[in-house]
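Please look through the sequence and the structure below before reading on. The report that follows takes up a few selected places, one after another.

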Amino acid sequence: MQKQRITPKEIINNYGATFAFIIAIIFFSLTSQGFFSGQNLQNILVQSTSLGICAFGLTFVLITGEIDLSYGGVIGLVGAVLAGMLKEGHSIGMVTLVCLAIGLGSGLLNALLIVGLNLPSFLASVAVMFLCMGAERIYNQGITTWVRDPEVLSIVQSSVGPVPLPVFYLFALFVICWFLQTQTRAGQYVRALGENINAVKEVGIRGQLLKSAVFVLAGLIFAFAGYIESLRIGGAVMYAGKNLLLSVLAACFLGTATFKAGKANLPGTLIGAFFLYTLLSGFTGLGMKFYLVPFAQGLILIISVAISSARRGKIEQVQF
Amino acid sequence: MLGREFFRDQHKETVVVGFFFTRVLSMGTRVMIAFKACGDEMNRPMGDQENIVIKTERVSKSFPGVQALKELDFEVARGEVHALCGENGAGKSTLMKIIVREYIEDEGDVFIQGQNVRGMGIRDVQELGLSLIHQDLNLVPVFSVAQNICLGREPRNRFGTIDWKATRQKAAIFLSEITADIDVDDLVENLSISEQQLVAIARSLVTAPRILILDEPTARLDHKASDSFFSFLERAKKGGLTVVYISHRLEEIYRICDKVTVLRDGKKIMTSKTNELPQTELVRHMLGREITRQVPKETVPIGDVKLSVRDLFPKGKGEGISFDLRSGEILGVVGSIGAGKSELARAIFGADPKRSGTIAISGKEIKINTPQDAIAKRLALIPEERRDQGLVGNESVRKNITLAALRKKFCRGPSWIDRNKEIEAVKESIKSLGIATPSTEQQVQFLSGGTQQKVVVGKWLMSDSDLYIFDEPTKGIDVGGKYDIYKLIVDLARQGAGVIFISNELPEVLTLCDRVLVMFDGQIIKEVQTQATNREELLFYVMGGRDYAETANNSKRDH
């Protein structure tokens, strides 16, 4: 079997969004004053943490060939409970456990509905999202709660040397997730499951159980994202998850255009998350009117996805 | 079909537990099975039974609407290569899937190496040394060859993560075992079908099986790969491997198998030593008694040559195919799975690019590169997967029927549809084809299989086709529906159309067609007039037999 040579065209097609990202950075550095300053780049990184973390969870689910939008509710609910419980004087350790328990619960509920009852994952997870939003509303009565304890806030709002803690969390989680997905058997089987469920069945791997575990893992990661988000902004705003809903989805799908054309993957998702905030920050820095920014973002996304999907003629669609 | 199995699986998994809990659970099951194995070891009867490695006792299995297996007894002795034969739907694959625990029998018992496997899972019987190579290639396309071969059995390093170097080495070892020259780092999606099949075979060897079950492994292998695969089997047999071999190819069965068991309609018909059973006898056992003709044969006058295919090399399988089709003629094309029938149909219709060859209609050579070209030349293909390829399921009967002819017949101006004219025409074809639909607006997905087939035909009639290729048109259709389709095809022939009728059901081919082409391994190996042949001869050729008359005479002399 002869090795195929990789042509420059293939590289562009495979890493299209990555190139678009690099070009965007160069463009903004040249045109927008202060874009390429350490402070601004740090801001971009910090802003994209909760989005990135949450997107890791979604990426795992996408790899299995399903989708999970419950983070849209989980993030808000975790934030509300965190702020509320701290106000009532509970210890931060206790609060952290409860937050993770919320993620675990929503993950289990997703697994029960999607794997156990065989409901379509899109609908089931949206239902779980609404349930969480409802619970959030019931819990905080629609009132924004702030966290004021500086010690608690320092969990997220401080730095180790030059590295802000949220960025540290983001990269640490990335390394853990990436390792789990690419270097362990379970991670392999998750990918195999999404590609050909019969291959997994044939070798005697319990695919349904594995899928359930992925939903639980995703739930925990969503909760962690909510936890970080809430402490980063210093409180619980109503429906915090709703704002992230589409950006997280966009980051993941942008990731499919970044590496391994067409397949959800963690490095791609990470770059996708940075890309989204780079655009936001860059266009704002250029003095673009705030109502034009989404328009510009949309255009850039179309271009970067279009050039990378040229190879197969299409980006693989997730089956909802 | 898998409904019940799937349901059962689902509920097993409803109890969702974390990673660690399941680890503990599965360890528990393993310990229990080990204990059970010890117990069975002590209770095992001595003597002749010792040598029986697979044994089924009165195994029955039904799927909704089908009794797949009926009280089946089946035995395979250690070290033998045992062929399993039967027509499509005889229950071969079902039996094998029960043996490897992919399906669970409704009644009866299965013993592997003397142990009752009730309650065991796929992995447990793999531990007993059993491995099945499926008819379908269940590979992960985006994984490398090495990843696929070691899937589920990846070597791990001391940190518990996958040892990639060892994985690649392990894969290379099993590939060299079957003398397959494939790079372990290639992605499976970039391999040829034959190479993919070799990867699937290599994967089944990873568990170091002592019993190997092969479900039509050579249907996808090219000649060179087949040869090296057989020499592997011969070597492995000497090493004590037991093989159950499902095949539709006489040559292979007689080349490597010691014994042969014939299944028909879910029952075991007979088991015999291969060298004591003439080939024609085997074919006769597979068919059973001749079934009376279902459709009255109707002779239609046959006209001039309409379609000439010369030296056609379709994409994938198929070599140097040449034949003529006359108007009013129904030409049967038969052959087992992987013989290249659908590839031929798709190549003629322009649905796949062909490697070479010419096609002429009414003596004039034409170029068909896309289905649009074919439609313009009044060709019609009624594909095997009509739901996917022939119909828009959630659209109405009307829209489906007029789909291909809309612009040509029912448009005023650039794209203004003449609705009245359209409805009029659709009503007419509903009447003439006997399409059982409550109205022209009924969604086709709610119609029966046979009725859907008629809608597809109606679509092509509407666009004035006069060359029809039917690819397995009666697959999954009830008896009444089949009869209607036969009648329809005869009608088309009477109107002067030429029809190519691809089918795996020999009786219908014999009753319907004037002439039959037998395909084997991508080539037309035989052409017979239906009047001058019978099912046995036809099946003999479908299975790759050579020279029926002589073989039959020899066997008569022997008895």
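## Where chain B meets chain A

In this predicted model, the two chains touch through 29 residues of chain B, which are in contact with 27 residues of chain A. On the side of chain B that touches chain A, at least two residues each are supplied by α1 (3-14), α2 (19-43) and α4 (122-127) of chain B. The largest share of that side comes from α1(B), which provides four residues. Sorted by class, the side of chain B that touches chain A holds 11 nonpolar, 11 polar and seven charged residues.

On the α3(A) side the contact is made by Asn40(A), Asn43(A), Ile44(A) and Gln47(A), while α14(A) contributes Phe274(A), Tyr277(A), Thr278(A) and Ser281(A). By class, this contact of α3(A) with α14(A) has three nonpolar, five polar and no charged residues.

The other crossing is with helix α4 (residues 49-63) of chain A, whose axis comes within 9 Å of that of α14(A) and crosses it at roughly 150°. Angles over 145 degrees count as roughly antiparallel, and α4(A) and α14(A) are therefore roughly antiparallel to each other. The crossing in which α4(A) passes α14(A) is right-handed. Here Leu51(A), Gly52(A), Ala55(A), Phe56(A) and Thr59(A) of α4(A) meet Leu266(A), Thr269(A), Leu270(A) and Ala273(A) of α14(A). The contact of α4(A) with α14(A) comprises, by class, six nonpolar, three polar and no charged residues.

## The two domains of chain B

Chain B is divided into domain 1, which is made up of the stretches 51-129, 209-222 and 247-289, and domain 2, which covers 305-558. Taken over C-alpha atoms, the centres of domain 1 and domain 2 of chain B are separated by 33 Å. The contact between these domains takes 16 residues from domain 1 of chain B and 15 residues from domain 2 of chain B.

On the side of domain 1 that touches domain 2, the elements giving two or more residues are α9 (250-256) and α10 (279-287) of chain B. Of these, α10(B) gives the most, with seven residues. The residues on this side of domain 1 of chain B divide into six nonpolar, four polar and six charged.

## Helix α10 of chain B

How much of α10(B) is buried? Seven of the nine residues of α10(B) are buried, so the helix is largely enclosed by the rest of the structure. The buried residues are Gln279(B), Thr280(B), Leu282(B), Val283(B), Arg284(B), Met286(B) and Leu287(B). After α10(B) comes Gly288(B), whose phi is positive, near 75°.

Asp464(B) is found in the loop between α17 (449-462) and β19 (467-471) of chain B, whereas Glu472(B) is found in the loop between β19 and α18 (479-494) of chain B. Are these two residues buried or partly exposed? Asp464(B) is partly exposed, with 13 other C-beta atoms within 10 Å, whereas Glu472(B) is buried, with 20 other C-beta atoms within 10 Å.

Another loop, between α5 (145-149) and α6 (164-177) of chain B, is the place of Arg156(B). This residue is partly exposed, with 14 other C-beta atoms within 10 Å. Leaving aside its neighbours within four places in sequence, Arg156(B) is in contact with Thr161(B), Ile162(B) and Asp163(B). The C-alpha atoms of Arg156(B) and Arg78(B), which lie 78 residues apart along the chain, are separated by 33 Å.

Conventions:
Residues numbered from 1 in each chain as written. Chains lettered and ligands numbered in written order. Predicted model: local features only at pLDDT ≥ 70, side-chain atom pairs only at ≥ 80, totals over all residues. Buried ≥ 20, exposed ≤ 12 C-beta atoms within 10 Å, placed from the backbone. Contact = placed C-beta atoms within 7 Å. Nonpolar A, V, L, I, M, F, W, Y, C, P; charged D, E, K, R; others polar. Domains from an automatic or database assignment. Axes fitted to C-alpha atoms, helices over the stretch in contact; angles between N-to-C directions. Parallel < 35°, antiparallel > 145°, perpendicular 65-115°, else oblique. Left-handed = near helix turned anticlockwise from the far one by under 90°.
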